[in-house]
Amino acid sequence: MIKAEKLTRKFGDFTAVDHISFEVGAGEIFGFLGANGAGKTTAMRMLTGLLVPTEGEATVAGYDVYEQPEQIKKRIGYMSQKFSLYEDLTVRENIRLYGGIYDLGDQQIKQKSDELVNMLGMKELQNKMIGSLPLGWKQKLAFSVALLHEPDIVFLDEPTGGVDPITRRQFWEQIYKVAEEGTTVFVTTHYMDEAEYCDRVSIMVDGNIDALDTPAGLKEQFDADDIEEVFIRLARGAERGE
Amino acid sequence: MPNEVNNRIQNKIAAFVGFVVKEFKQIYRDKRTLVVLFGMPIIQMLLFGFAIRNEVENANIMVLDASQDQVTQELINKIDASNYFTVVGEIQRYDKIDDLFQKGNIDEVLVFEADFARKLQRGERPSVNVITDASNPNLAQLIQQYSTSIIVDWQQRRSGLPNEQNSGVVANANMLFNPQLKSVNLFVPGLIAVILMLISALMTSISITREKEMGNMEILLVSPLRPAQIIIGKVLPYLVLAFVNVLTVLALAEWVFAVPFRGSYGLFMVESLLFIFTALALGVFISTKANDQQTAMMVALAGLLLPTVLLSGFIFPISSMPWPLQWISNLIPARWFLVIVRSIMLKDSSLLLLWKETLILLVMTLGFIVLSVKNFKVRLE
Amino acid sequence: MKPISVHHAHKSYGAKEAVKGISFEVDEGLLFGLIGPDGAGKTTIFRILTTLLKPDKGEALVLGLDVVDDYRQIRKHVGYMPGRFSLYQDLSVEENVAFFASVFGTTIDANYDLIEPIYSQLEPFKDRLAGALSGGMKQKLALSCALIHKPEVLFLDEPTTGVDAVSRKEFWQMLHRLKEENITILVSTPYMDEAEQCDRVALMQDGQILSIDTPERITKTFHNQLWAIKTENKYQLIQLLRSYEYAESVQPFGEYVHYTDKREEVQAEHIMEYLKSKGVINPTVVAIAPDIEDTFMRLMEQEETYE
């Protein structure tokens with residue numbers, strides 16, 4: 001689904017992402033970790049077609065990041081903690097808006113909206129402003145909206161920051177569900193325990209991927225009790241900040 | 001004990017000085033704003049001075065002379081000789097005027113009634129109809145005023161004594177204190193008012209609300225700084241900046257546009273300072289109400305700048321406004337400041353003549369300061 | 001006199017009640033944590049204690065001073081680091097510290113010994129603008145500024161949010177060092193695992209305190225036996241356990257699923273057999289001790305059933 005080969009991005013003299021190579025398979029949950037400023041955001045922007053790489057190759061959903069960024073955008077979903085839904089629109093209006101952006105027909109939007117509010121148990125809330133909903137609800141809804149157009153891959157940028165532990169787990173169950181259905185999930189997080197929810201985890205340090213394996217494999221390789229220990233050992237040597 | 005009091009006062013002063021230093025550093029580092037602050041007065045001055053001239057230059061005139069005598073000919077020649085008008089030709093029929101204006105080349109038609117010279121001699125008052133193309137009302141009004149004043153002037157010279165029934169007071173006033181009818185003379189005071197409003201009110205309100213928006217205010221509030229220290233610390237740098245700009249505009253006016261300055265520089269500086277205080281107080285007041293920079297900017301631009309430009313008498317004379325707008329214009333500080341500055345610059349008026357306007361500004365300033373202090377929140381709500 | 005005491009504090013924003021009658025006290029020299037997700041009311045409590053908001057009902061005292069009546073006195077003696085980075089981004093590291101020193105009527109030199117362990121890490125970058133610092137360094141700078149006047153009580157609202165694991169760990173080490181200076185510290189965090197770093201914690205959810213105690217004692221309130229279960233397919237495992245008739249709670253937890261059973265006496269074999277009967281090959285079932293996060297979820301669920 002995602003294939004990166006020596007992908008590099010420089011800003012002037014500064015190499016934000018330095019020849020990273022990895023592959024993510026269909027239906028895989030891929031954890032993308034790294035210290036502040038390690039180059040995660042830049043890598044993610046290249047993969048979502050927002051930033052042209054300086055060097056290297058990458059395909060996402062079978063499309064080339066240089067040649068076909070518009071096709072890529074149609075085949076991926078994106079959700080971040082900072083920006084997801086419009087606070088001053090209602091639940092339904094938000095769904096309708098995103099449906100429209102991804103060229104779904106009126107009939108389809110209506111059907112999807114009903115499905116979605118039923119699935120999330122938000123029937124009573126569907127005409128409420130997003131701003132009035134608790135954070136946990138917003139995040140779950142934002143995730144569902146990112147999947148509205150049935151993308152091949154969904155990118156999640158710190159999706160669960162500040163959410164309570166129960167809702168956080170409900171969120172992860174949603175992720176498992178869509179992965180089970182074949183959607184690839186690419187996720188960044190600061191919660192180290194969440195890294196262990198992923199099928200495979202990569203850890204970026206100073207623009208390079210210093211480790212990439214299953215959580216169990218990483219722990220074995222670094223002889224660590226948990227991913228946090230692995231992360232700290234790798235990131236301690238980091239040279240640069242944001 | 002006195003030592004402790006001394007220490008406390010010293011600390012307070014140190015805190016205040018620290019605040020002002022920080023403020024200057026921030027202004028200095030924001031290069032883009034800095035360029036705007038100092039560049040804007042110069043650009044506006046040049047713009048109003050050279051480009052946006054509201055003067056009549058070689059307006060094209062046609063004449064319909066039903067009298068065709070020596071007197072009308074003399075008058076037509078006099079008008080043609082002025083810099084403002086060019087007499088292009090004559091027409092014979094009244095109903096041609098519409099067509100003429102439709103084509104757009106002619107700005108005015110002068111219609112002399114028949115037997116003009118004879119009526120004048122008999123002591124009657126023969127009429128000249130001044131017909132203008134009012135599709136551009138401002139220009140039409142100006143042209144009309146200019147041609148009327150030329151006619152009045154001609155008549156006065158001819159009879160040797162002022163004819164009160166015919167003399168237009170407005171035209172006379174303009175002719176007296178602004179003999180070249182130069183619009184730049186009128187624009188300079190207005191421009192000073194606009195620039196002071198912009199820098200003092202807009203910039204202070206934005207800079208205070210920025211502290212709120214960036215969360216800095218949250219830390220400042222949880223510190224021993226008093227509201228007065230914060231407000232005065234914020235205002236002081238802009239007082240200096242605004243004053244520098246007054247001097248810039250004045251220098252440009254004198255040396256580039258040769259605008260006469262007849263009055264006292266001292267009085268002008270004092271009055272400008274007063275107006276800066278008014279604007280600063282307004283800016284602080286806005287910032288006590290607005291919670292983010294965007295709101296502050298909208299309020300300052302829509303609520304202060306537009307009225308200052310449109311309703312203060314800067315561009316449109318207050319006397320020609322409908323009464324509700326005339327009434328509103330009384331609430332605009334720039335209206336009073338304009339009267340003061342124009343009087344000082346063009347007429348050399350003294351404080352004795354301007355005490356009323358000065359008092360109004362003073363009361364407004366005090367009012368805004370009281371409102372600001374009352375509204376300054378020592379908490380987040 | 002306790003450095004911090006809050007009694008039945010209420011606070012609403014319009015119709016939304018952010019803090020619903022909260023009481024707690026913090027002893028001198030303690031590192032006290034408010035643990036809870038966004039929207040639990042943590043920031044509101046910080047703003048009440050730092051005199052930025054008045055409680056609608058109830059009272060709050062800092063150093064024995066009332067937050068409403070004696071707010072000026074309190075402001076001289078506390079240090080505050082808001083949840084959002086609130087320093088001047090267009091001033092350098094050194095200028096920020098010097099500015100806040102002058103605001104409190106002191107200088108960097110006068111209190112250098114207190115901030116030295118933290119500030120010395122920033123000194124190589126002291127001419128860099130604060131806006132250009134990394135997340136971890138911003139946080140150290142903010143802490144230096146909050147400490148510059150030797151406060152008796154330090155309020156840190158979510159200092160570790162959005163900061164990577166390495167910087168977070170360093171930050172907690174700094175707080176432990178400050179504790180030795182006998183500064184009382186109130187800190188909040190949404191990361192449950194950071195509760196262990198505190199002497200005492202209050203678990204918060206939805207404007208209320210679920211539990212206050214030492215982290216160890218709080219986890220002891222979790223009475224049921226907790227099982228960690230692992231199989232090849234986690235999603236399928238969750239579904240299977242949810243449909244198990246004896247299941248009480250099923251929560252994914254890293255690579256495991258945490259599970260409690262309704263039965264009094266239950267063995268790992270019982271659960272294994274059930275899973276095998278459903279066709280799962282080689283499940284791992286281990287009895288484990290609950291941590292703060294398990295306990296927090298348990299308390300949340302109890303709260304919801306009461307309501």
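Here is a set of questions and answers on the contacts between the chains.

Analyst: Before we start, this is a predicted model, where local features need pLDDT of at least 70, side-chain atom pairs count only at pLDDT 80 or more, and totals for chains, interfaces and linings use all residues. Residues are numbered from 1 along each chain as its sequence is written, chains are lettered from A and ligands numbered from 1 in the order in which they are written, and side-chain values use heavy atoms, with hydrogens and water left out.

User: What is the mean pLDDT of chain A?

Analyst: pLDDT is the predictor's confidence in each residue, from 0 to 100. In chain A, 97% of the residues reach 70 or more, and the mean is 89.

User: How much area is buried between chain A and chain C?

Analyst: Contact means heavy atoms within 4.5 Å, and on that basis 30 residues of chain A touch 34 residues of chain C. Buried area is the accessible area (1.4 Å probe) that two parts lose on being put together, summed over both. Carbon and sulfur atoms give 56% of it here, and the total is about 2,800 Å².

User: Which residues of chain A lose the most area to chain C?

Analyst: Three of them together make up 20% of what the chain A side buries. They are A:Ile166, A:Arg169 and A:Glu173.

User: Which side chain of chain C meets A:Lys219 in a salt bridge?

Analyst: The rule wants a side-chain nitrogen of Lys or Arg within 4 Å of a carboxyl oxygen of Asp or Glu, and it finds 4 salt bridges between chain A and chain C. In the one with A:Lys219, the N to O distance is 2.2 Å and the partner is C:Glu255.

User: Which helix gives the most to the side of chain A that touches chain C?

Analyst: Four helices of chain A each supply at least two residues: H6 (165-180), H7 (192-195), H8 (215-222) and H9 (227-235). With 8 residues, the biggest giver is H6(A).

User: How many residue pairs are in polar contact between chain C and chain B?

Analyst: A polar contact is a pair of N or O atoms within 3.5 Å; within protein, one must be able to donate a hydrogen and the other to accept it, and residues adjacent in sequence count only if both atoms are side-chain atoms. With both residues at pLDDT 80 or more, the count for chain C and chain B is 18.

User: Which residue of chain C meets B:Glu218 in a salt bridge?

Analyst: Chain C and chain B have 3 salt bridges across their interface. In the one with B:Glu218, the N to O distance is 3.2 Å and the partner is C:Arg47.

User: How far apart do the C-alpha centres of domain 1 and domain 2 of chain C lie?

Analyst: The bounds come from an automatic or database domain assignment, which gives 4-214 for domain 1 and 226-289 for domain 2. The distance between their C-alpha centres is 41 Å.
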